[in-house]
Amino acid sequence: MTTTTPPNPKGNTTTAPATSSCPLKLATKPGASIYSSPLMLTTYDKYVLGFSMTYLWRCPSSSILIPLFRQNFNAEKHLDIGVGTGFFVGDALGQVLASSGSTSTSNHKEGKKVDITLMDLNEVALEKAKERVLGVVAEHEHHSQAEVESDGKNPEVGVKVTTIVADVLDQSVPVGVQRGQFKSVSMFNLLHCLPSVPIVPSGPSSSDHDSGADDNGQEIKNRAFKLAAECLADDGTLAGCTVLGRKYIANDSSGAGSGAGMDKPNGTKTPSVLSKGMTWAVMKWYNHLGTFGNWSDEREVFEKGLRENFEVVETQVVGCMLLFSAARPKRSA
Ligand SMILES: C[S@@+](CC[C@H](N)C(=O)[O-])C[C@H]1O[C@@H](n2cnc3c(N)ncnc32)[C@H](O)[C@@H]1O
């Protein structure tokens, strides 16, 4: 375990180790290691969140993913799983700090509490995301300095950012994560990076309820929902998205939502033969490289995983993207 001294007294940062109780050897590294490359990290926001979301997966970040993340974000106790560059968490935090600074006088007196935990298999991505979160706080404090001078109140933000190196397919809650504490959990664009691996029963005494699943290997990804449910508070919300498999490349609608309450985005346009071909080739290539493991991913398998772990589940398909939110985590006895 490494505990790093916070870069400033208000940015408390710790790193807990990954633990491994998973009996299977899962090839999870390719889906995470690409996010160590400086080229990837510097182009990620524009290429992946800009170009790919709009033109390949037909689910624009600006009109669909950013609102979904913001809507489910609670800065006072948030867990982001699969952090990338920290784009979404940074954006949502910026919005919260800007609105609390300008509208709430009680927040000015007491200071806004920010407690964010970042979890990822890749330490480089964790560092990048942590930097982004602390940068957003620093920028907010710089802006609010003028207000301190004029009104004499203290707008300081109490910030805790915890980074945790962990594999979401591991079956234990990582060291350093407080169970049932998070008011919001996000899992954006993570599941399509995970490999599909048929679940093999680990022996007659196995208590793994997943054992013997008759899926094509996708079901193993539902372990991530179990982890999210264990971390989420009883009244918290999970939100996320994942690029589904090749079946959805021709999908030409925003898809019917399942469950109540998820805002319905506008429908996506019917993909042209050219765009279908481009999307197919890129998805195939990413799956070949191992950076994606979503070739056969289906909405129904993820819905099953969500329902096994949460009482309330909402899903919607936009282009190739599954949007989901879930609440009221089921607790195992
Ligand atoms: C496509 S990025 C998504 C980043 C961010 N959530 C977003 O939407 O922009 C996927 C992230 O998941 C992480 N990741 C991939 N496989 C993982 C695993 N098995 N366990 C934990 N994190 C993983 C990668 O390192 C990367 O940071």
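Select Asn189 first: Asn189 counts as buried because 22 other C-beta atoms lie within 10 Å (the rule: buried means 20 or more other C-beta atoms within 10 Å of a residue's own, exposed means 12 or fewer, partly exposed is in between, and C-beta atoms are placed from the backbone). Before going on, note that this is a predicted model: local features need pLDDT of at least 70, side-chain atom pairs count only at pLDDT 80 or more, and totals for chains, interfaces and linings use all residues. Residues are numbered from 1 along each chain as its sequence is written.

Asn189 sits in the loop between β5 and α7 (helices are DSSP runs of H or I with at least four residues, strands are runs of E with at least two, both numbered from the N terminus). Check its backbone too: phi of Asn189 is positive, about 55 degrees, although Asn189 is not a glycine. Most residues other than glycine have a negative phi.

Now show the ligand. Of the 22 residues around the ligand, Ala32, Gly82, Gly84, Phe188 and Asn189 come nearest (near means a C-beta atom, placed from the backbone, within 6 Å). Elements giving two or more residues to this shell are α1 (30-33) and α4 (87-103). Colour the shell by class and you get 14 nonpolar, 6 polar and 2 charged residues; here Ala, Val, Leu, Ile, Met, Phe, Trp, Tyr, Cys and Pro count as nonpolar, Asp, Glu, Lys and Arg as charged, and the others, Gly among them, as polar.

Next, select 223-231, which is helix α7: 8 of its 9 residues are buried. Among the buried ones are Phe225, Leu227, Ala228 and Cys231. The cover over the buried residues of α7 includes β2 (78-81), β5 (182-188) and β6 (232-243).

From there, jump to Val185. Leaving aside neighbours within four places in sequence, Val185 is in contact with Leu79, Ile81, Ala228, Cys231, Leu232, Gly236 and Leu238 (contact: C-beta atoms, placed from the backbone, within 7 Å). Val185 and Ala228 are also among the residues with the most contacts inside the largest nonpolar core, which has 83 residues (a core is a set of buried Ala, Val, Leu, Ile, Met, Phe, Trp, Tyr and Cys residues joined through C-beta atoms within 7 Å).

Last stop: Arg328, in strand β8. Buried or partly exposed? Arg328 counts as partly exposed, because it has 16 C-beta neighbours inside 10 Å. Its phi is positive, near 55 degrees.

Definitions and conventions:
Contact = placed C-beta atoms within 7 Å.
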